[in-house]
Amino acid sequence: EEIFKMAAELAQLYAERQARPGFRFSADGSLQRELEASFPFQETPDQLRTMEEVSRDMECDSPMDRLICGDVGYGKTEVAIRAAFKAVCDDKQVAVLVPTTILAEQHFHTFKERMEHVPARVEVLSRFRNAKEQEEIVARVKSGAVDILIGTHRILSKDVTFRDLGLLVVDEEQRFGVAHKERFKRLRSEVDVLTMTATPIPRTLHMSMAGVRDMSMI
């Protein structure tokens, strides 16, 4: 019964995704190349292939739903950074969702450091920010003054509304609860979604292997 229910939900979700065209992002421009050139390491062949696959997905008519699978330290974050900036270049906002406050801060510093020389406004929303700071960040996100918002499940709260969300990046999806995943499902029918994991849960992996979701291995 559970399997049939899940299959029906998936069928409905992907029918919605096909029926509702997504935003077609522009081809990479000079700012994107500038960001890529500032990467202090040599990209691996898998990284380059994955970046090409993500770019191709984002430049497509239908919303992206790609799983990036790779061990810790294999360069998944750099792929997410480039995808996020690609969205920002088309005046779209990006939400980066992570399971822990520590990881949110870590990603915030990494994104800020990588985007130091390009025009992207990055913010973080977590319990490390006091109530007043959170209120200000939420207001700036709504007005479009924040391009990339990184945070825990706090960014799924009802008071957080984006002016024009174009990309959702989810780090370690399997560590979020059922209610959060329901929210992901709703977002998936509207915006491009990039999921990163070192340890995919069997259902996610099976969906990718069956071709229901696109998967890149690093």
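By contact I mean heavy atoms within 4.5 Å. I keep that in mind for these entries, and I note that the model is predicted.

**Entry: helix 2 against helix 4**

I looked up which residues bring helix 2 and helix 4 together. On the helix 2 side I found L31, Q32, L35 and E36, and they meet I81, R82, F85, K86 and C89 of helix 4. Sorted by class, this contact has five nonpolar, one polar and three charged residues.

Next I checked how the two helices lie. Helix 2 covers residues 30-37, and its axis is 10 Å from that of helix 4, at an angle of about 160°. Angles over 145 degrees count as roughly antiparallel, so helix 2 and helix 4 are roughly antiparallel to each other. Their crossing is right-handed.

**Entry: helix 3 against helix 4**

I then turned to helix 3, residues 45-58, and its pairing with helix 4, residues 76-89. The two axes come within 10 Å and cross at roughly 30°. Under 35 degrees counts as roughly parallel, and helix 3 and helix 4 are therefore roughly parallel to each other. Helix 3 passes helix 4 in a right-handed crossing.

Which residues make this contact? From helix 3 I listed Q47, T50, M51, V54, S55 and M58, and from helix 4 E78, V79, R82, A83, K86 and A87. I counted six nonpolar, three polar and three charged residues there.

**Entry: looking back at helix 4**

I noticed R82 and K86 of helix 4 in my notes on helix 2, and I found R82 and K86 again in the contact with helix 3.

Key: Residues numbered from 1 in each chain as written. Predicted model: local features only at pLDDT ≥ 70, side-chain atom pairs only at ≥ 80, totals over all residues. Heavy atoms only, no water. Axes fitted to C-alpha atoms, helices over the stretch in contact; angles between N-to-C directions. Helix = DSSP H or I, 4+ residues; strand = E, 2+ residues; numbered from the N terminus. Parallel < 35°, antiparallel > 145°, perpendicular 65-115°, else oblique. Left-handed = near helix turned anticlockwise from the far one by under 90°. Nonpolar A, V, L, I, M, F, W, Y, C, P; charged D, E, K, R; others polar.
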